[in-house]
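This report walks through one protein chain and its ligand, going from the overall layout to a few selected places. Please keep the structure in view while reading.

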Amino acid sequence: MKRPQLSVVVPCYNEEACLDMLHARVSAAARDAVGDSYEILFVNDGSRDRSWQVMQRLSAADPHLVAINLSRNHGHQLALTAGLDLCAGDQILIIDADLQDPPELLTEMRATMAAQGADVVYAVRRKREGESLFKKATAAIFYRMLDRITDTPIPLDTGDFRLMSRRALDALLSLPEQARFIRGMVAWIGFRQVPFVYDRHERHAGETKYPLGKMIRFALDAITGFSTAPLRFASHVGLLLTAASALLVLYILVAWLLGRAVQGWTSTMLVVVVLGAVQMFVLGMIGEYLGRLYVESKRRPLYLIADVAGPVQGHASLGY
Ligand code: UDP
Ligand code: MG
């Protein structure tokens with residue numbers, strides 16, 4: 001079978017009120033961009049409303065639409081992964097179901113991709129309409145904090161709304177980790193990635209499927225997946241404490257020499273201060289090893305090759 005030129009992947013959780021409009025607008029945008037050579041994948045992430053029934057009805061009438069029903073609610077990032085695993089297109093558009101991200105931008109995103117020779121065009125939100133101050137503030141803080149503590153530069157104010165090339169998607173899918181923070185993983189794979197600025201709209205219908213609890217879990221996945229900074233915290237405190245305790249030890253000994261110390265104070269203080277520092281230091285060392293162990297356990301590929309010029313003599317298999 002020939003690959004479609006474009007796959008549109010949409011994770012959906014309790015989005016029955018959005019699906020008809022979504023299907024119409026995505027289909028029109030896809031048709032505008034690539035004619036008949038597209039597929040749309042709706043992934044039903046264990047919705048409790050009638051989303052699955054709506055998807056079945058839509059897909060019965062439209063051969064371009066593939067509806068996928070997950071066994072339960074696995075969460076946004078895993079629903080998205082399921083769709084990405086199953087799609088076949090040469091270019092892949094990831095978009096939310098609620099039409100906050102206008103599918104009509106597809107044409108411009110494809111133009112940007114072609115003009116800049118990019119593998120990823122990621123959409124950066126300039127404005128966010130119809131979202132609570134709390135949501136906007138937490139999101140702004142989250143992206144900035146993430147940027148400071150992670151080793152991979154992850155673009156600010158960027159969701160999963162993006163256009164990817166097939167080789168970028170294959171690279172993404174070669175990351176086998178369980179806790180998936182996809183926008184970070186895409187940043188990690190490299191290749192040429194360019195921003196595309198847009199205004200985020202209000203939800204078409206329904207309300208956010210990211211209540212505070214899910215937002216916190218999402219943030220924790222992002223931080224722990226892309227940074228061992230929290231683990232290394234003990235190292236830093238340990239170092240600080242060791243330095244401080246050296247000064248304290250000096251002070252305690254001087255007080256003892258001058259005869260200012262109460263009986264027993266000197267030995268007690270020495271034990272407390274030195275042991276505290278040693279313990280923190282050792283905890284920090286354990287943190288360093290644990291951090292490395294954690295990085296190893298993700299089993300990410302060691303490197304990804306973008307291009308090769310000239311014949312490869314060794315065993316290198318490029319895969320894509
Ligand atoms: N979503 C999902 N599973 C979940 C939560 C959300 O598939 O457990 C989908 C949801 O249907 C939407 C996208 O993820 O297509 C983003 O969710 P939402 O729009 O509610 O997030 P927000 O825009 O408020 O951050
Ligand atoms: Mg939304």
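How far apart do the C-alpha centres of domain 1 and domain 2 lie? In this predicted model, the chain is divided into domain 1, which covers residues 6–226, and domain 2, which covers residues 228–298, and their C-alpha centres are separated by 46 Å.

**Spans named in the record**

UniProt, in an unreviewed entry, places the feature "domain: Glycosyltransferase 2-like" at residues 7–172. Also from an unreviewed entry in UniProt comes the feature "transmembrane region", listed for residues 237–258 and for residues 270–290. The table sets out what was computed for each of these spans.

| Span | Distance between end C-alpha atoms | Helix | Strand |
|---|---|---|---|
| residues 7–172 | 16 Å | 46% helix | 23% strand |
| residues 237–258 | 31 Å | 95% helix | 0% strand |
| residues 270–290 | 30 Å | 100% helix | 0% strand |

**Around the ligand**

Ligand 1 has 16 residues around it, of which Pro11, Tyr13, Ala97, Thr208 and Lys209 come nearest. Sorted by class, this shell holds six nonpolar, five polar and five charged residues. Two elements that each supply at least two residues of the shell are strand β1, at residues 6–12, and helix α3, at residues 76–86.

**A helix with a buried side**

Helix α6 runs over residues 166–173, and its buried residues are Ala168, Leu169, Ala171 and Leu172. These four lie on the same side of α6, because the arc that they cover around the axis is only 160°.

**Arginine 125**

Is arginine 125 buried or exposed? Arginine 125 counts as buried because 20 other C-beta atoms lie within 10 Å, and the cut-off for a buried residue is 20 or more. If its neighbours within four places in sequence are left aside, arginine 125 is in contact with Asp157, Tyr198 and Arg200. Aspartate 101 stands 24 residues away from arginine 125 in sequence, while in space the two are 9.3 Å apart, taken from C-alpha to C-alpha.

Technical notes. Residues are numbered from 1 along each chain as its sequence is written. Chains are lettered from A and ligands numbered from 1 in the order in which they are written. This is a predicted model: local features need pLDDT of at least 70, side-chain atom pairs count only at pLDDT 80 or more; totals for chains, interfaces and linings use all residues. A residue is near a molecule or strand if its C-beta atom, placed from the backbone, lies within 6 Å of it. Ala, Val, Leu, Ile, Met, Phe, Trp, Tyr, Cys and Pro count as nonpolar, Asp, Glu, Lys and Arg as charged, and the others, Gly among them, as polar. Domain bounds come from an automatic or database domain assignment. UniProt positions are given in the numbering used here, feature names are shortened, and annotations may be inferred rather than shown by experiment. A residue is buried if 20 or more other C-beta atoms lie within 10 Å of its own, exposed if 12 or fewer, and partly exposed in between; C-beta atoms are placed from the backbone. The arc is that of the directions from the helix axis to the C-beta atoms. Two residues are in contact if their C-beta atoms, placed from the backbone, lie within 7 Å.
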